Protein chains: 2
Amino acid sequence: MLTAMTERTIQREAVSDQLFSLLEERILNGVLPPGGALTAERELAAEFGVNRHAVREAVKRLQQARLVEVSQGGRTRVLDWRASAGLDLVLQASAGSRVPPALAGLQRDALEMRACIGADAARLCAERCSPAQAAEITAAAAAFGRIGPDLAALGAADIAWWRLIVTGSGNLAYLLAFNSLVGGALPVGEVPPAHRADELLDVTAHLRLAELIAAGDAAAAERAARELLSRAVPSPAAEPAPSAAAGREAAG
Amino acid sequence: MLTAMTERTIQREAVSDQLFSLLEERILNGVLPPGGALTAERELAAEFGVNRHAVREAVKRLQQARLVEVSQGGRTRVLDWRASAGLDLVLQASAGSRVPPALAGLQRDALEMRACIGADAARLCAERCSPAQAAEITAAAAAFGRIGPDLAALGAADIAWWRLIVTGSGNLAYLLAFNSLVGGALPVGEVPPAHRADELLDVTAHLRLAELIAAGDAAAAERAARELLSRAVPSPAAEPAPSAAAGREAAG
DNA sequence: ACATTCAACTGGTCCAACCAGTTGACCAGT
DNA sequence: ACTGGTCAACTGGTTGGACCAGTTGAATGT
(Lines give C-alpha, C1' and ligand atoms only; values in the text may rest on other atoms or scores of the structure.)
Protein backbone atom coordinates (compact mmCIF):
# COMPACT_ATOMS: atom_id res chain seq x y z
CA MET A 1 0.00 0.00 0.00
CA LEU A 2 1.54 3.23 -1.13
CA THR A 3 0.48 5.63 1.55
CA ALA A 4 2.61 8.72 1.23
CA MET A 5 3.13 8.53 -2.50
CA THR A 6 2.25 12.10 -3.24
CA GLU A 7 3.33 12.00 -6.84
CA ARG A 8 2.22 9.45 -9.37
CA THR A 9 4.78 9.25 -12.08
CA ILE A 10 2.66 6.84 -14.06
CA GLN A 11 -0.24 9.12 -14.71
CA ARG A 12 -0.66 10.05 -18.33
CA GLU A 13 -0.93 13.71 -19.03
CA ALA A 14 -4.07 14.70 -20.82
CA VAL A 15 -3.69 15.34 -24.53
CA SER A 16 -4.92 18.91 -24.27
CA ASP A 17 -2.49 19.58 -21.43
CA GLN A 18 0.44 18.28 -23.44
CA LEU A 19 -0.59 20.39 -26.38
CA PHE A 20 -0.99 23.43 -24.15
CA SER A 21 2.48 23.02 -22.70
CA LEU A 22 3.96 22.51 -26.14
CA LEU A 23 2.33 25.55 -27.66
CA GLU A 24 3.05 27.62 -24.57
CA GLU A 25 6.71 26.74 -24.76
CA ARG A 26 6.86 27.63 -28.43
CA ILE A 27 5.25 30.98 -27.76
CA LEU A 28 7.46 31.83 -24.78
CA ASN A 29 10.56 30.87 -26.71
CA GLY A 30 9.56 32.97 -29.66
CA VAL A 31 9.26 30.02 -32.01
CA LEU A 32 5.77 31.36 -32.59
CA PRO A 33 6.43 35.10 -32.84
CA PRO A 34 3.96 37.70 -31.52
CA GLY A 35 1.59 39.00 -34.13
CA GLY A 36 1.90 35.84 -36.16
CA ALA A 37 -0.97 33.47 -36.69
CA LEU A 38 -1.30 30.24 -34.80
CA THR A 39 -1.73 27.11 -36.86
CA ALA A 40 -5.41 26.45 -37.52
CA GLU A 41 -7.17 24.12 -35.11
CA ARG A 42 -7.96 21.51 -37.73
CA GLU A 43 -4.40 21.56 -38.93
CA LEU A 44 -2.99 21.21 -35.41
CA ALA A 45 -5.34 18.31 -34.81
CA ALA A 46 -4.14 16.61 -37.98
CA GLU A 47 -0.50 17.36 -37.26
CA PHE A 48 -0.51 15.80 -33.81
CA GLY A 49 -3.01 13.11 -34.63
CA VAL A 50 -5.49 14.22 -31.99
CA ASN A 51 -9.05 15.36 -32.01
CA ARG A 52 -9.91 18.95 -32.66
CA HIS A 53 -11.63 19.29 -29.30
CA ALA A 54 -8.38 18.54 -27.53
CA VAL A 55 -6.78 21.29 -29.59
CA ARG A 56 -9.61 23.63 -28.73
CA GLU A 57 -9.19 23.04 -25.00
CA ALA A 58 -5.49 23.80 -25.29
CA VAL A 59 -6.10 26.95 -27.32
CA LYS A 60 -8.76 28.03 -24.85
CA ARG A 61 -6.22 27.81 -22.08
CA LEU A 62 -3.70 29.77 -24.13
CA GLN A 63 -6.38 32.40 -24.57
CA GLN A 64 -7.05 32.55 -20.84
CA ALA A 65 -3.32 32.87 -20.19
CA ARG A 66 -3.33 35.78 -22.63
CA LEU A 67 -0.80 34.13 -24.86
CA VAL A 68 -3.04 34.17 -27.93
CA GLU A 69 -6.00 36.15 -29.21
CA VAL A 70 -8.90 34.23 -30.70
CA SER A 71 -11.52 35.62 -33.03
CA GLN A 72 -14.23 33.65 -34.74
CA GLY A 73 -13.79 33.48 -38.45
CA GLY A 74 -10.34 35.01 -38.27
CA ARG A 75 -7.13 33.27 -37.37
CA THR A 76 -5.89 32.89 -33.85
CA ARG A 77 -2.98 35.24 -33.37
CA VAL A 78 -0.04 35.02 -30.99
CA LEU A 79 0.21 37.85 -28.47
CA ASP A 80 3.31 39.44 -26.99
CA TRP A 81 3.28 37.63 -23.66
CA ARG A 82 5.61 40.16 -22.06
CA ALA A 83 2.88 42.74 -22.55
CA SER A 84 -0.17 40.64 -21.81
CA ALA A 85 0.52 37.51 -19.79
CA GLY A 86 -0.25 37.56 -16.08
CA LEU A 87 1.61 36.41 -13.01
CA ASP A 88 0.09 32.94 -13.21
CA LEU A 89 2.53 32.32 -16.02
CA VAL A 90 5.05 31.66 -13.25
CA LEU A 91 2.87 28.83 -12.10
CA GLN A 92 2.37 27.18 -15.44
CA ALA A 93 5.91 27.65 -16.60
CA SER A 94 7.39 25.89 -13.61
CA ALA A 95 4.87 23.11 -13.92
CA GLY A 96 6.27 22.21 -17.31
CA SER A 97 9.08 19.78 -17.76
CA ARG A 98 11.73 22.33 -18.52
CA VAL A 99 11.76 26.08 -18.10
CA PRO A 100 11.86 28.00 -21.37
CA PRO A 101 15.02 30.09 -21.87
CA ALA A 102 12.92 33.23 -21.95
CA LEU A 103 11.93 32.56 -18.35
CA ALA A 104 15.43 31.81 -17.15
CA GLY A 105 15.75 34.28 -14.30
CA LEU A 106 12.13 34.05 -13.32
CA GLN A 107 12.81 32.08 -10.18
CA ARG A 108 15.12 34.76 -8.86
CA ASP A 109 12.59 37.42 -9.84
CA ALA A 110 9.87 35.54 -8.03
CA LEU A 111 11.97 35.46 -4.87
CA GLU A 112 12.58 39.17 -5.20
CA MET A 113 8.89 39.79 -5.57
CA ARG A 114 8.20 37.54 -2.61
CA ALA A 115 10.44 39.73 -0.49
CA CYS A 116 8.70 42.88 -1.65
CA ILE A 117 5.18 41.61 -1.14
CA GLY A 118 6.03 39.73 2.04
CA ALA A 119 7.58 42.78 3.64
CA ASP A 120 4.59 44.96 2.86
CA ALA A 121 2.21 42.22 3.96
CA ALA A 122 4.03 41.98 7.29
CA ARG A 123 3.74 45.74 7.66
CA LEU A 124 0.03 45.75 6.90
CA CYS A 125 -0.54 42.70 9.05
CA ALA A 126 1.08 44.42 12.02
CA GLU A 127 -1.11 47.43 11.35
CA ARG A 128 -4.48 45.89 10.88
CA CYS A 129 -4.70 42.21 11.67
CA SER A 130 -7.03 41.09 14.44
CA PRO A 131 -5.72 39.94 17.83
CA ALA A 132 -6.90 36.44 17.01
CA GLN A 133 -4.86 36.44 13.82
CA ALA A 134 -1.83 37.79 15.64
CA ALA A 135 -2.14 35.03 18.22
CA GLU A 136 -2.41 32.45 15.49
CA ILE A 137 0.71 33.78 13.78
CA THR A 138 2.62 33.74 17.04
CA ALA A 139 1.49 30.21 17.76
CA ALA A 140 2.43 29.06 14.28
CA ALA A 141 5.87 30.61 14.66
CA ALA A 142 6.34 28.74 17.92
CA ALA A 143 5.23 25.50 16.27
CA PHE A 144 7.62 26.25 13.45
CA GLY A 145 10.47 26.21 15.92
CA ARG A 146 9.55 22.72 17.11
CA ILE A 147 9.81 21.06 13.71
CA GLY A 148 13.49 20.27 13.50
CA PRO A 149 16.00 20.33 10.71
CA ASP A 150 13.74 18.78 8.08
CA LEU A 151 13.96 21.31 5.27
CA ALA A 152 10.95 19.95 3.42
CA ALA A 153 8.74 20.14 6.49
CA LEU A 154 10.15 23.55 7.33
CA GLY A 155 9.43 24.78 3.85
CA ALA A 156 5.81 23.66 4.00
CA ALA A 157 5.33 25.14 7.47
CA ASP A 158 7.02 28.33 6.37
CA ILE A 159 4.62 28.74 3.49
CA ALA A 160 1.64 28.05 5.74
CA TRP A 161 2.98 30.59 8.23
CA TRP A 162 3.42 33.27 5.61
CA ARG A 163 -0.05 32.55 4.35
CA LEU A 164 -1.34 33.55 7.78
CA ILE A 165 0.60 36.82 7.61
CA VAL A 166 -0.52 37.63 4.09
CA THR A 167 -4.09 36.80 5.03
CA GLY A 168 -3.72 39.01 8.08
CA SER A 169 -2.68 41.89 5.88
CA GLY A 170 -6.22 41.96 4.60
CA ASN A 171 -5.01 42.49 1.07
CA LEU A 172 -6.60 39.98 -1.26
CA ALA A 173 -4.31 40.85 -4.15
CA TYR A 174 -1.30 40.01 -2.00
CA LEU A 175 -2.87 36.69 -1.12
CA LEU A 176 -3.51 35.80 -4.74
CA ALA A 177 -0.02 36.88 -5.76
CA PHE A 178 1.32 34.78 -2.92
CA ASN A 179 -0.56 31.81 -4.29
CA SER A 180 0.89 32.38 -7.73
CA LEU A 181 4.40 32.53 -6.35
CA VAL A 182 4.37 29.63 -3.91
CA GLY A 183 2.38 27.43 -6.25
CA GLY A 184 4.93 27.96 -8.94
CA ALA A 185 8.38 29.24 -8.31
CA LEU A 186 9.20 28.11 -4.83
CA PRO A 187 7.62 24.80 -3.93
CA VAL A 188 9.18 23.00 -1.06
CA GLY A 189 12.93 23.02 -1.28
CA GLU A 190 13.16 22.27 -4.93
CA VAL A 191 14.23 25.73 -5.88
CA PRO A 192 16.79 27.47 -3.71
CA PRO A 193 19.39 25.04 -2.52
CA ALA A 194 21.53 26.73 0.06
CA HIS A 195 20.37 30.28 0.54
CA ARG A 196 16.87 29.39 1.53
CA ALA A 197 18.19 27.18 4.30
CA ASP A 198 19.47 30.32 6.01
CA GLU A 199 15.93 31.54 6.03
CA LEU A 200 14.19 28.34 7.02
CA LEU A 201 16.54 27.37 9.82
CA ASP A 202 16.43 30.76 11.50
CA VAL A 203 13.67 30.08 13.98
CA THR A 204 14.59 33.13 16.03
CA ALA A 205 13.88 35.47 13.14
CA HIS A 206 10.48 33.88 12.66
CA LEU A 207 9.61 34.25 16.33
CA ARG A 208 10.82 37.83 16.37
CA LEU A 209 8.77 38.77 13.34
CA ALA A 210 5.71 37.21 14.92
CA GLU A 211 6.28 39.27 18.05
CA LEU A 212 6.65 42.47 16.07
CA ILE A 213 3.41 41.78 14.24
CA ALA A 214 1.59 40.96 17.45
CA ALA A 215 2.98 44.14 18.99
CA GLY A 216 1.69 46.15 16.07
CA ASP A 217 5.12 47.52 15.23
CA ALA A 218 4.55 47.91 11.50
CA ALA A 219 7.85 49.51 10.56
CA ALA A 220 9.98 47.01 12.45
CA ALA A 221 7.92 44.10 11.15
CA GLU A 222 8.44 45.29 7.61
CA ARG A 223 12.16 45.58 8.10
CA ALA A 224 12.45 42.18 9.74
CA ALA A 225 10.37 40.54 7.03
CA ARG A 226 12.36 42.11 4.24
CA GLU A 227 15.62 41.04 5.79
CA LEU A 228 14.41 37.50 6.31
CA LEU A 229 12.99 37.11 2.82
CA SER A 230 15.92 38.77 1.08
CA ARG A 231 18.34 36.06 2.14
CA ALA A 232 17.17 33.68 -0.55
CA VAL A 233 17.49 36.24 -3.33
CA PRO A 234 20.76 35.92 -5.24
CA SER A 235 21.93 39.52 -5.02
CA PRO A 236 23.71 40.12 -8.32
CA ALA A 237 22.33 38.98 -11.64
CA ALA A 238 24.86 36.26 -12.24
CA GLU A 239 23.60 33.07 -13.78
CA PRO A 240 25.08 32.89 -17.25
CA ALA A 241 26.27 29.31 -17.23
CA PRO A 242 23.69 26.52 -17.17
CA SER A 243 26.01 24.46 -14.97
CA ALA A 244 24.45 23.87 -11.59
CA ALA A 245 27.83 23.77 -9.90
CA ALA A 246 27.95 27.53 -9.51
CA GLY A 247 27.37 29.33 -6.26
CA ARG A 248 30.00 27.33 -4.44
CA GLU A 249 32.40 30.23 -4.22
CA ALA A 250 31.31 32.42 -1.34
CA ALA A 251 29.90 35.71 -2.50
CA GLY A 252 32.27 38.57 -1.72
CA MET B 1 -17.17 53.44 -41.78
CA LEU B 2 -16.78 53.04 -38.03
CA THR B 3 -13.15 53.87 -37.50
CA ALA B 4 -12.59 54.32 -33.80
CA MET B 5 -15.21 51.84 -32.62
CA THR B 6 -13.02 50.07 -30.13
CA GLU B 7 -15.78 48.14 -28.43
CA ARG B 8 -18.40 46.09 -30.13
CA THR B 9 -21.41 45.77 -27.95
CA ILE B 10 -23.08 43.39 -30.34
CA GLN B 11 -20.65 40.55 -30.07
CA ARG B 12 -22.10 37.41 -28.57
CA GLU B 13 -20.17 35.82 -25.78
CA ALA B 14 -19.14 32.25 -26.38
CA VAL B 15 -21.15 29.62 -24.57
CA SER B 16 -18.14 28.24 -22.75
CA ASP B 17 -17.16 31.73 -21.64
CA GLN B 18 -20.60 32.40 -20.23
CA LEU B 19 -20.53 29.12 -18.40
CA PHE B 20 -17.07 29.83 -17.06
CA SER B 21 -18.12 33.21 -15.70
CA LEU B 22 -21.22 31.74 -14.15
CA LEU B 23 -19.43 28.89 -12.42
CA GLU B 24 -16.59 31.18 -11.39
CA GLU B 25 -19.00 33.56 -9.78
CA ARG B 26 -20.72 30.76 -7.92
CA ILE B 27 -17.42 29.49 -6.62
CA LEU B 28 -16.15 32.91 -5.57
CA ASN B 29 -19.39 33.68 -3.81
CA GLY B 30 -19.37 30.39 -1.97
CA VAL B 31 -22.52 29.11 -3.62
CA LEU B 32 -20.34 26.18 -4.58
CA PRO B 33 -18.43 25.60 -1.33
CA PRO B 34 -14.79 24.44 -1.31
CA GLY B 35 -14.42 20.69 -0.99
CA GLY B 36 -17.79 20.12 -2.52
CA ALA B 37 -18.26 18.41 -5.84
CA LEU B 38 -19.01 20.31 -9.00
CA THR B 39 -22.03 19.19 -10.96
CA ALA B 40 -21.09 16.49 -13.45
CA GLU B 41 -20.28 17.68 -16.96
CA ARG B 42 -23.15 15.80 -18.57
CA GLU B 43 -25.53 17.20 -16.01
CA LEU B 44 -24.31 20.76 -16.50
CA ALA B 45 -24.69 20.33 -20.23
CA ALA B 46 -28.26 19.17 -19.80
CA GLU B 47 -29.07 21.87 -17.27
CA PHE B 48 -27.94 24.74 -19.48
CA GLY B 49 -28.99 23.15 -22.73
CA VAL B 50 -25.52 23.22 -24.23
CA ASN B 51 -23.17 20.62 -25.52
CA ARG B 52 -20.85 18.82 -23.19
CA HIS B 53 -17.80 20.04 -25.07
CA ALA B 54 -18.65 23.63 -24.18
CA VAL B 55 -18.95 22.59 -20.56
CA ARG B 56 -15.59 20.90 -20.75
CA GLU B 57 -13.92 24.04 -22.07
CA ALA B 58 -15.37 26.03 -19.19
CA VAL B 59 -14.30 23.46 -16.62
CA LYS B 60 -10.85 23.33 -18.15
CA ARG B 61 -10.54 27.05 -17.62
CA LEU B 62 -11.73 26.72 -14.03
CA GLN B 63 -9.04 24.11 -13.57
CA GLN B 64 -6.36 26.40 -14.97
CA ALA B 65 -7.55 29.18 -12.68
CA ARG B 66 -7.18 26.73 -9.80
CA LEU B 67 -10.78 27.07 -8.82
CA VAL B 68 -11.53 23.38 -9.23
CA GLU B 69 -9.63 20.12 -9.15
CA VAL B 70 -10.34 17.60 -11.88
CA SER B 71 -9.61 13.90 -11.72
CA GLN B 72 -10.58 11.35 -14.29
CA GLY B 73 -13.16 8.94 -13.03
CA GLY B 74 -13.72 10.94 -9.87
CA ARG B 75 -15.84 14.02 -9.51
CA THR B 76 -14.55 17.50 -10.10
CA ARG B 77 -14.17 19.19 -6.76
CA VAL B 78 -14.28 22.86 -5.86
CA LEU B 79 -11.07 24.24 -4.38
CA ASP B 80 -10.64 26.95 -1.76
CA TRP B 81 -9.78 29.78 -4.11
CA ARG B 82 -8.31 31.88 -1.32
CA ALA B 83 -5.65 29.23 -0.94
CA SER B 84 -5.09 28.28 -4.54
CA ALA B 85 -6.20 30.90 -7.06
CA GLY B 86 -3.54 33.15 -8.58
CA LEU B 87 -3.32 36.85 -9.22
CA ASP B 88 -4.91 36.50 -12.63
CA LEU B 89 -8.17 36.12 -10.79
CA VAL B 90 -8.14 39.91 -10.58
CA LEU B 91 -8.20 40.01 -14.32
CA GLN B 92 -11.02 37.58 -14.85
CA ALA B 93 -13.13 38.87 -12.02
CA SER B 94 -13.16 42.42 -13.31
CA ALA B 95 -13.90 41.19 -16.80
CA GLY B 96 -17.19 39.79 -15.60
CA SER B 97 -20.36 41.79 -15.57
CA ARG B 98 -20.46 42.37 -11.84
CA VAL B 99 -17.83 41.86 -9.20
CA PRO B 100 -18.63 39.10 -6.74
CA PRO B 101 -19.12 40.26 -3.13
CA ALA B 102 -16.16 38.18 -2.05
CA LEU B 103 -13.94 40.34 -4.22
CA ALA B 104 -15.36 43.61 -3.02
CA GLY B 105 -12.20 45.35 -1.83
CA LEU B 106 -10.04 43.83 -4.49
CA GLN B 107 -9.73 47.03 -6.47
CA ARG B 108 -8.32 48.87 -3.50
CA ASP B 109 -6.01 45.95 -2.77
CA ALA B 110 -4.81 45.97 -6.35
CA LEU B 111 -3.96 49.66 -6.07
CA GLU B 112 -2.08 48.98 -2.86
CA MET B 113 -0.15 46.21 -4.55
CA ARG B 114 0.55 48.46 -7.49
CA ALA B 115 2.15 50.96 -5.15
CA CYS B 116 4.28 48.29 -3.53
CA ILE B 117 5.47 46.71 -6.77
CA GLY B 118 5.79 50.01 -8.58
CA ALA B 119 7.97 51.50 -5.87
CA ASP B 120 10.31 48.54 -5.83
CA ALA B 121 10.37 48.45 -9.62
CA ALA B 122 11.35 52.12 -9.70
CA ARG B 123 14.11 51.37 -7.21
CA LEU B 124 15.44 48.44 -9.23
CA CYS B 125 15.07 50.35 -12.46
CA ALA B 126 17.18 53.17 -11.08
CA GLU B 127 19.73 50.61 -9.99
CA ARG B 128 20.08 48.47 -13.03
CA CYS B 129 18.33 49.73 -16.12
CA SER B 130 20.40 50.55 -19.18
CA PRO B 131 21.12 54.14 -20.24
CA ALA B 132 18.94 53.59 -23.30
CA GLN B 133 16.03 52.53 -21.12
CA ALA B 134 16.55 55.49 -18.82
CA ALA B 135 16.50 57.83 -21.80
CA GLU B 136 13.32 56.21 -23.08
CA ILE B 137 11.66 56.64 -19.69
CA THR B 138 12.68 60.27 -19.54
CA ALA B 139 11.41 60.89 -23.05
CA ALA B 140 8.12 59.16 -22.28
CA ALA B 141 7.68 61.28 -19.16
CA ALA B 142 8.23 64.40 -21.24
CA ALA B 143 5.72 63.23 -23.81
CA PHE B 144 3.35 62.48 -20.95
CA GLY B 145 3.45 66.13 -20.00
CA ARG B 146 2.38 67.20 -23.48
CA ILE B 147 -0.86 65.23 -23.53
CA GLY B 148 -3.25 67.58 -21.86
CA PRO B 149 -6.09 67.12 -19.42
CA ASP B 150 -7.61 64.08 -21.16
CA LEU B 151 -7.79 61.57 -18.31
CA ALA B 152 -8.34 58.60 -20.59
CA ALA B 153 -5.31 59.41 -22.72
CA LEU B 154 -3.30 60.16 -19.61
CA GLY B 155 -4.28 56.85 -18.09
CA ALA B 156 -3.16 54.92 -21.13
CA ALA B 157 0.10 56.85 -21.38
CA ASP B 158 0.67 56.41 -17.67
CA ILE B 159 0.34 52.65 -17.96
CA ALA B 160 2.68 52.57 -20.95
CA TRP B 161 5.17 54.68 -19.01
CA TRP B 162 5.07 52.44 -15.98
CA ARG B 163 5.52 49.46 -18.24
CA LEU B 164 8.84 50.95 -19.30
CA ILE B 165 9.90 51.32 -15.68
CA VAL B 166 8.82 47.83 -14.71
CA THR B 167 10.57 46.44 -17.77
CA GLY B 168 13.65 48.43 -16.83
CA SER B 169 13.65 46.83 -13.40
CA GLY B 170 14.61 43.60 -15.12
CA ASN B 171 12.23 41.66 -12.92
CA LEU B 172 9.99 39.48 -15.06
CA ALA B 173 7.70 38.62 -12.17
CA TYR B 174 7.04 42.30 -11.60
CA LEU B 175 6.22 42.72 -15.26
CA LEU B 176 3.75 39.82 -15.23
CA ALA B 177 2.15 41.05 -12.02
CA PHE B 178 1.89 44.49 -13.60
CA ASN B 179 0.07 42.94 -16.54
CA SER B 180 -2.33 41.18 -14.21
CA LEU B 181 -3.08 44.39 -12.38
CA VAL B 182 -3.44 46.82 -15.26
CA GLY B 183 -5.28 44.31 -17.41
CA GLY B 184 -7.80 43.83 -14.66
CA ALA B 185 -8.30 46.19 -11.81
CA LEU B 186 -7.30 49.55 -13.14
CA PRO B 187 -8.10 49.99 -16.80
CA VAL B 188 -8.29 53.53 -18.01
CA GLY B 189 -10.23 55.71 -15.66
CA GLU B 190 -13.00 53.28 -14.98
CA VAL B 191 -11.84 52.50 -11.51
CA PRO B 192 -10.63 55.34 -9.32
CA PRO B 193 -12.72 58.42 -9.86
CA ALA B 194 -11.08 61.34 -8.15
CA HIS B 195 -7.96 60.15 -6.38
CA ARG B 196 -6.27 58.86 -9.48
CA ALA B 197 -6.64 62.25 -11.14
CA ASP B 198 -4.22 63.64 -8.55
CA GLU B 199 -1.73 61.11 -9.80
CA LEU B 200 -2.35 61.44 -13.52
CA LEU B 201 -2.39 65.23 -13.65
CA ASP B 202 0.84 65.64 -11.72
CA VAL B 203 3.23 65.88 -14.63
CA THR B 204 5.97 67.28 -12.45
CA ALA B 205 6.05 64.17 -10.28
CA HIS B 206 6.37 62.00 -13.37
CA LEU B 207 9.25 64.07 -14.72
CA ARG B 208 10.97 64.07 -11.36
CA LEU B 209 10.70 60.32 -11.00
CA ALA B 210 12.14 59.88 -14.49
CA GLU B 211 15.05 62.09 -13.55
CA LEU B 212 15.74 60.15 -10.37
CA ILE B 213 15.73 56.90 -12.30
CA ALA B 214 18.02 58.29 -14.96
CA ALA B 215 20.32 59.60 -12.24
CA GLY B 216 20.44 56.17 -10.66
CA ASP B 217 19.18 57.43 -7.31
CA ALA B 218 17.44 54.24 -6.27
CA ALA B 219 16.34 55.28 -2.80
CA ALA B 220 14.86 58.59 -3.92
CA ALA B 221 13.19 56.97 -6.93
CA GLU B 222 11.56 54.41 -4.68
CA ARG B 223 10.27 57.09 -2.34
CA ALA B 224 8.95 59.23 -5.18
CA ALA B 225 7.25 56.29 -6.85
CA ARG B 226 5.62 55.14 -3.63
CA GLU B 227 4.34 58.60 -2.91
CA LEU B 228 2.96 59.00 -6.40
CA LEU B 229 1.28 55.62 -6.52
CA SER B 230 -0.12 55.82 -3.01
CA ARG B 231 -2.35 58.75 -3.84
CA ALA B 232 -4.95 56.56 -5.51
CA VAL B 233 -5.15 54.13 -2.59
CA PRO B 234 -8.06 54.84 -0.26
CA SER B 235 -6.17 55.00 3.02
CA PRO B 236 -8.51 53.47 5.59
CA ALA B 237 -10.46 50.30 5.01
CA ALA B 238 -13.92 51.80 5.06
CA GLU B 239 -16.41 50.13 2.78
CA PRO B 240 -18.82 48.24 4.99
CA ALA B 241 -22.08 49.29 3.39
CA PRO B 242 -22.84 48.27 -0.19
CA SER B 243 -24.26 51.70 -0.83
CA ALA B 244 -21.98 53.65 -3.14
CA ALA B 245 -22.89 56.93 -1.47
CA ALA B 246 -20.43 56.36 1.35
CA GLY B 247 -17.13 58.18 1.65
CA ARG B 248 -18.78 61.56 1.53
CA GLU B 249 -18.23 62.29 5.18
CA ALA B 250 -14.58 63.21 5.63
CA ALA B 251 -12.69 60.59 7.59
CA GLY B 252 -12.06 61.81 11.14
C1' DA C 1 -17.59 -9.68 8.95
C1' DC C 2 -14.60 -9.35 5.36
C1' DA C 3 -12.81 -9.24 0.72
C1' DT C 4 -14.14 -9.40 -4.00
C1' DT C 5 -16.72 -8.25 -7.89
C1' DC C 6 -19.08 -5.50 -10.90
C1' DA C 7 -22.38 -2.23 -12.57
C1' DA C 8 -22.99 2.62 -12.62
C1' DC C 9 -21.08 6.55 -12.40
C1' DT C 10 -17.11 10.09 -13.38
C1' DG C 11 -14.00 12.59 -16.76
C1' DG C 12 -11.12 11.92 -21.47
C1' DT C 13 -11.17 11.22 -26.39
C1' DC C 14 -12.75 10.59 -30.83
C1' DC C 15 -15.62 11.05 -35.26
C1' DA C 16 -18.51 13.52 -38.28
C1' DA C 17 -21.12 16.97 -39.17
C1' DC C 18 -22.98 21.74 -39.29
C1' DC C 19 -23.31 26.90 -37.87
C1' DA C 20 -21.16 31.44 -37.98
C1' DG C 21 -18.11 34.75 -38.84
C1' DT C 22 -13.78 36.42 -41.90
C1' DT C 23 -11.08 36.74 -45.82
C1' DG C 24 -9.74 37.34 -50.39
C1' DA C 25 -10.15 36.30 -55.05
C1' DC C 26 -13.05 36.82 -58.70
C1' DC C 27 -16.28 39.02 -61.79
C1' DA C 28 -19.88 42.61 -63.27
C1' DG C 29 -20.78 47.36 -63.72
C1' DT C 30 -19.08 51.86 -64.40
C1' DA D 1 -8.68 50.72 -65.41
C1' DC D 2 -11.19 51.24 -61.37
C1' DT D 3 -14.94 50.39 -58.24
C1' DG D 4 -18.28 47.59 -56.31
C1' DG D 5 -20.58 43.46 -54.94
C1' DT D 6 -20.69 38.41 -54.86
C1' DC D 7 -19.27 34.09 -53.41
C1' DA D 8 -16.38 30.20 -52.39
C1' DA D 9 -12.93 28.78 -49.14
C1' DC D 10 -11.15 29.39 -45.22
C1' DT D 11 -11.36 30.45 -39.88
C1' DG D 12 -13.28 29.39 -35.14
C1' DG D 13 -17.96 27.88 -32.50
C1' DT D 14 -21.30 24.31 -31.58
C1' DT D 15 -23.65 20.08 -31.72
C1' DG D 16 -24.62 14.99 -31.38
C1' DG D 17 -23.38 10.57 -30.40
C1' DA D 18 -20.30 7.09 -29.38
C1' DC D 19 -16.64 4.94 -26.94
C1' DC D 20 -12.41 4.65 -23.74
C1' DA D 21 -10.58 4.98 -19.05
C1' DG D 22 -10.50 5.62 -14.57
C1' DT D 23 -13.32 5.82 -9.76
C1' DT D 24 -16.84 4.71 -6.68
C1' DG D 25 -19.80 2.18 -3.89
C1' DA D 26 -23.19 -1.09 -3.39
C1' DA D 27 -24.26 -5.90 -4.08
C1' DT D 28 -22.30 -10.36 -3.78
C1' DG D 29 -19.83 -14.45 -2.37
C1' DT D 30 -17.02 -16.43 0.86
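Predicted model: local features only at pLDDT ≥ 70, side-chain atom pairs only at ≥ 80, totals over all residues.
Sorted by class, the surface near DNA strand C comprises six nonpolar, nine polar and five charged residues.

DNA strand D is surrounded by 21 residues, of which Ala40(A), Val15(B), Asn51(B), Gly73(B) and Gly74(B) are the closest. Two or more residues of this surface come from each of α2 (41–48) of chain A and α1 (15–28) and α3 (52–64) of chain B. The element that gives the most to the surface near DNA strand D is α2(A), with three residues. The class composition near DNA strand D is six nonpolar, ten polar and five charged residues.

The two protein chains were then compared by superposition. Chain A is brought onto chain B by a rotation of 180 degrees with 0.0 Å of shift along the axis, at an RMSD of 0.0 Å. This is the relation of a two-fold axis. Of the interface residues of chain A, 92% are also interface residues in chain B, so the copies meet through the same surface.

Chain A places 39 residues in the contact between the chains, and chain B places 37 residues. On the side of chain A that touches chain B, two or more residues come from each of α3 (52–64), α4 (81–84), α5 (88–95), α6 (106–128) and α9 (172–184) of chain A. This side of chain A consists of 18 nonpolar, eleven polar and ten charged residues.

Two helix pairs that join chain A to chain B were examined. In one of them, α3(A) and α3(B) pack with their axes 10 Å apart, at an angle of about 40 degrees. The helices α3(A) and α3(B) are therefore oblique to each other, and their crossing is right-handed. On α3(A), the contact is made by His53(A), Arg56(A), Glu57(A), Lys60(A), Arg61(A) and Gln64(A); on α3(B), the contributing residues are His53(B), Arg56(B), Glu57(B), Lys60(B), Arg61(B) and Gln64(B). The contact of α3(A) with α3(B) contains eight charged and four polar residues, and no nonpolar ones.

In the other pair, α6(A) packs on helix α6 (residues 106–128) of chain B at an angle of about 130 degrees, and the axes are 10 Å apart. That angle makes α6(A) oblique to α6(B). The crossing of α6(A) with α6(B) is right-handed. Cys116(A), Ile117(A) and Asp120(A) of α6(A) meet Cys116(B), Ile117(B) and Asp120(B) of α6(B) in this contact. Four nonpolar and two charged residues, with no polar residue, make up the contact of α6(A) with α6(B).

Within chain A, helix α7 (residues 131–145) packs on helix α11 (residues 203–215), with axes that come within 9 Å and cross at roughly 170 degrees. The helices α7(A) and α11(A) are therefore roughly antiparallel to each other. From α7(A), the contact draws on Ala134(A), Ile137(A), Thr138(A), Ala141(A), Ala142(A), Phe144(A) and Gly145(A). From α11(A), the contact draws on Val203(A), His206(A), Leu207(A), Ala210(A), Ile213(A) and Ala214(A). The contact of α7(A) with α11(A) has ten nonpolar and three polar residues, and no charged residues.

Note on methods: Residues numbered from 1 in each chain as written. Chains lettered and ligands numbered in written order. Least-squares fit on C-alpha atoms with pLDDT ≥ 70 in both. Contact = placed C-beta atoms within 7 Å. Helix = DSSP H or I, 4+ residues; strand = E, 2+ residues; numbered from the N terminus. Nonpolar A, V, L, I, M, F, W, Y, C, P; charged D, E, K, R; others polar. Axes fitted to C-alpha atoms, helices over the stretch in contact; angles between N-to-C directions. Parallel < 35°, antiparallel > 145°, perpendicular 65-115°, else oblique. Left-handed = near helix turned anticlockwise from the far one by under 90°. Near = placed C-beta within 6 Å.
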